[in-house]
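Please read it with the structure open beside you.

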Amino acid sequence: MNYGRELLKGNTDSLLLCLISREPTYGYQIVKELETRSNGYFQFKEGTLYPALHRLERDNLITGKWQILPNGQQRRYYYITEKGQQVLANKLATWQDFASAVKSVIQTETT
Amino acid sequence: MVSSISHYLNRFKACLKIDHTIRDDVAEELSTHLEDKIQELEENGLSKEEAGKIAVQSLGSPELIAQQIYETHAQGSWKEALFSALPHFLVALLFALYFYWHNLIWLSIVLILTVGMAIYGWHRGKPIWLFPWLGYYLIPVVVTGILLLSLPQGWGWIAALIYIPLALFVFIYIVRQTARRDWLYASLMLAPMLVIFSWFSSLGTGNRLLSSDWIAGLQTNALWIVISFIALAGATIAFIRLKPRRYKILSLLIPPLVILFSVTMASRGNIDSRGWLILLFSLFAFATPVWMQARAYQ
């Protein structure tokens, strides 16, 4: 498997929780946000997003609610829960420690 | 365009064997995703047909999404697993305490609990744990048919000829209703019947049924009967907790193996022709949904 894909797979939950924690959002908007914020780096089969969202919802990290938009269309908005915020904080702390450790090692190697 | 979207969603729904309310909800979510994608592509100058085609492609295989969603929802909680296995544990307890076999209080408690749980489950949207409880309700339907065959001087066959088609209709109707949700739930529901009728067949039927010898046989084989129900409870817990469908199918194969082994050990191969008939019917009723599912899975 592609290394970049593996990294994305291992961090999908953190990315989704991070986006949802900023503002309640729905599936298609999440795909677009991921693409925009990563300058097109995160591109994947869009359908794989929904199993991930449902897994997070099953684990009570997010909650989904149908909402009617002003144009009459319905969208399922996801909200982060208290538990989700705690999990996200832990994941971000771990990620930052990991990233700075990797960076330190790489910088030592290259200098 | 509409047909390609509905075709995609139909393929998705056909593969997703979960509670229909959740299934319809996810399908609706995918549908809104496709609408958004198509709208964006059309704004970029694509035709409706092209936009629909690309939108469906970018969403990916409906079978794969269905499989991943299934694995998310297919794994029941430990609470659901214990609720599902509880009726088997209760029956095992009943046999384990076979000294209380004639005690109506024990029997009443188990019956009230079973009826209460089934009513509760029915009004809670038929959760997965309800099916093993429902299985115990089908048993009296079949037992009555067998008892009718024991009536003297040919009356048994006359009564059975009227009753058996009616009982079969009820039986097939309930199994079909359950199988519409998922074939595997039908097997899970029929599993208690497999255990009880396997023991029925090994202890003797016909005029000997419910005789003092038969009750004595139950008490003599209480340990093996307890092992059968505990194996069933274990298989039920595994079924609820396992995620991949193929493992769920495998977990359903445990009870028949344990039961056949314990029945053979207890009866030492001394089963009459009617007993074999009941045993084969139980195995057939239990195995058909698993086989149908395995075929659909392939």
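1. Among contacts in chain A between residues at least 6 apart in sequence, what percentage join residues at least 24 apart? The share is 47%. Two residues are in contact if their C-beta atoms, placed from the backbone, lie within 7 Å. In chain B, residues 24 or more positions apart account for 73% of the contacts with a separation of 6 or more.

2. A word on conventions and confidence. This is a predicted model, in which local features need pLDDT of at least 70 and side-chain atom pairs count only at pLDDT 80 or more, while totals for chains, interfaces and linings use all residues. Residues are numbered from 1 along each chain as its sequence is written, and chains are lettered from A and ligands numbered from 1 in the order in which they are written. The pLDDT is the predictor's confidence in each residue, from 0 to 100. Chain A has a mean pLDDT of 87, with 95% of its residues at 70 or more. Within chain A, confidence is lowest in helix 1 (residues 3-22), at a mean of 84, and highest in strand 2 (residues 74-80), at 95.

3. The secondary structure of chain A comes to four helices and two strands. Helices (H or I, at least four residues) and strands (E, at least two) are DSSP runs, numbered from the N terminus. The order of elements in chain A, from the N terminus on, is α-α-α-β-β-α. Chain B has 14 helices and zero strands.

4. A residue is buried if 20 or more other C-beta atoms lie within 10 Å of its own, exposed if 12 or fewer, and partly exposed in between, with C-beta atoms placed from the backbone.

5. Look next at Leu19(A), which is found in helix 1 of chain A. Leu19(A) is partly exposed because 17 other C-beta atoms lie within 10 Å. Leaving aside neighbours within four places in sequence, Leu19(A) is in contact with Thr25(A), Ile30(A), Glu33(A) and Leu34(A). Ile80(A) is 61 residues away from Leu19(A) along the chain, yet their C-alpha atoms are separated by 9.4 Å.

6. Helix 2 (residues 27-37) and helix 3 (residues 49-58) of chain A pack at an angle of about 110°, with their axes 11 Å apart. Helix 2 of chain A is therefore roughly perpendicular to helix 3 of chain A. Axes are lines fitted to C-alpha atoms, for helices over the stretch in contact, and angles run from 0 to 180 degrees between N-to-C directions. Angles under 35 degrees count as roughly parallel, over 145 as roughly antiparallel, 65 to 115 as roughly perpendicular and the rest as oblique.

7. Which residues meet where helix 2 and helix 3 of chain A pack? Gly27(A), Ile30(A) and Val31(A) of helix 2 meet Leu49(A), Tyr50(A) and Leu53(A) of helix 3. By class, the residues of this contact are five nonpolar, one polar and no charged. Ala, Val, Leu, Ile, Met, Phe, Trp, Tyr, Cys and Pro count as nonpolar, Asp, Glu, Lys and Arg as charged, and the others, Gly among them, as polar.

8. Two loop residues deserve a check of their backbone angles. Asn39(A) is not a glycine but has a positive phi of about 55°. Asn39(A) lies in the loop between helix 2 and helix 3 of chain A, and counts as exposed because it has 7 C-beta neighbours inside 10 Å. Asn60(A), also other than glycine, has a positive phi near 60°. The place of Asn60(A) is in the loop between helix 3 and strand 1 (62-68) of chain A; with 12 other C-beta atoms within 10 Å, Asn60(A) is exposed.

9. Now the two chains together. In the model, 15 residues of chain A are in contact with 14 residues of chain B. On the side of chain A that touches chain B, helix 2, helix 3 and strand 2 of chain A each supply at least two residues, and the largest share, five residues, comes from helix 3 of chain A. That side has three nonpolar, six polar and six charged residues.
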